[in-house]
Amino acid sequence: MTKLPAVHHRAVRALTFSPDGKYLASVGADNNNSIYIWDWESKTKLAETKGDVNKIYCIEWSSKTKGQLVTVGVKHVFFWTWTGGSIKRNRGLSGKVGIQTYFCHRFMDNGNVLLGSKKGQLVMYDAMTRTPKVVAKPHKGAVFALVKVKGGYITGGKDKFLRFFDNSFKEKWSLEFGSYVRSVNSDGTNIVVGTRNGEIYFVPESGASTVPEAVIAGHFEGEVWGLHVLHNTFLTSGEDNMVINWDMTAHKPLAYGKVSNLKKVPKTRRKYGVSTTSRFHPCKCARAVSMSPDGTHIALGRNDGKLAVLDAKSLKVMKVVNLNKISKRQIRNQKGNWIEAMSYSPCGKFLAVGTHGMVVCICEVAKDYECAVDFKSHNSVITHLDWSADSQHIRSTDKGYELLFFDVDAKDLKKSKHNPHATALKDLEWATNSCVLSWPTQCVWDTDMDGSDVNAVDVFNKQLVATGDDHGNVNLFRYPVLESSNEQIRHAGHSSHVTNVKFSKDGKYLISVGGGDKAVVQWRLKA
């Protein structure tokens, strides 16, 4: 593997190898969308230039004209000529086609360039005169993907269709997927299709009558925080209106459910609650998930501050409980008290919910999840909580770095209260270990970290401690972590902050979920 110098800012948006494989062209995500040309084997930068103030989405090297490249993007097509240390730019003419945004392009066998436009058109540019011509309109909506194959072209678009055209641009077959087709490639036999929903499919180039089973599937919007591990499966919930039951052995989803079935979501005058990149309404986003001990119910903590209870078999929503009004915060309408921490008691009678209203609610399962008692001792939003093994105590942490304990009276919940005597519970057995502030996890932070850098912890059998941090790392310690000099095994499997980690019941695996990368990773633990 070769690692080139980090010259780009923010991100690398596009790459292309020269036809002989000796050179690499890269496009950055800086203000000028800068273009660099490399001798990648020697890690030498050969040329650089400003791209355009508008985004560049794709770059392609010509196999006919030496040193010629084409870039496309927002309202532009550029023809580039690379000679020595300089790169010269010529703008493609708009002609009768007009100025358009293009998402993809490929060089044709005759040296001309075929582009996929935002308007759903295939536009051919003459490589010599740089003039355009519309040759087909295959999609209703943008053409996101385009690839040249033997006998024609394959396109994918916003209308969810994958289409195959011959060299005369006559459609031979098409296939409709469940979401936008964002990426397409081919190995000469099979077409690899990537959709906006985070799914990857293999489709024969000869076509298919139905969409095959996805080889990879997962979450695709916002961030993934919710994680609950069962015996051979585990649950995740995200900000894409999805809750997924995963098979640890087959490494694929067993079933999908929805966070909310609402077709018409409530209107909001302003954004409230959790900071997220998700385009889904807060009622369709869940950052906490837990399954009842008897395996009949799945509880979801939603971003609109409501608790949703699903039937575990059908994954259909059975009950929605509004916990917004049970709040210590003084805000108008109480709509932003989203839920981040949640867990069933080992006895299965209660569900503890920690909200961003700075309260811990105890909901009675037998009474339709009615909030029977709420603890308001915290002075900041609740981030983690655990039940004791005997279901008589709760510990919880908040963003103000408080670790508080509560006594739960199962016979009369109204008598449940905050227990200020932490030392009295020092030898208590806890059913789970998700609180980042606890005796066995007191030194899981690096010396250069602050308290918010560790997002999640878990403990297996008083032998191992796992953490997920803001730097994309999954860390493994020996239990307990009592000294800052304790060494950890660090793995960088995520490209964004790690939001949650959980050991499997048998300790063979560790599951981690990511925020910005929305990745679900299963790690194998070696003895």
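Mentor: The answer below starts with the conventions and then takes the pairs in turn. This is a predicted model, in which local features need pLDDT of at least 70 and side-chain atom pairs count only at pLDDT 80 or more, while totals for chains, interfaces and linings use all residues. Residues are numbered from 1 along each chain as its sequence is written, and side-chain values use heavy atoms, with hydrogens and water left out.

Counting a salt bridge as a side-chain nitrogen of Lys or Arg within 4 Å of a carboxyl oxygen of Asp or Glu, the total is 19. One of them joins glutamate 221 to arginine 196, with N to O at 2.5 Å. Glutamate 221 is in the loop between strands E19 (200-204) and E20 (224-229), and arginine 196 in the loop between E18 (190-195) and E19, so the contact ties parts 25 residues apart in sequence. Strands here are DSSP runs of E, at least two residues long, numbered from the N terminus. Glutamate 221 is buried, at 7% relative accessibility; buried means under 20% relative accessible area, exposed over 50%, and partly exposed in between (1.4 Å probe, protein chains only).

The glutamate 213 and lysine 252 side chains meet at 3.3 Å, N to O. Because glutamate 213 is in the E19-E20 loop and lysine 252 in strand E23 (residues 252-257), this pair ties parts 39 residues apart in sequence. Glutamate 213 is exposed at 59%, whereas lysine 252 is partly exposed at 36%.

Finally, Asp159, Arg163 and Glu171 are linked in a salt-bridge network.

Conventions
Helices (H or I, at least four residues) and strands (E, at least two) are DSSP runs, numbered from the N terminus.
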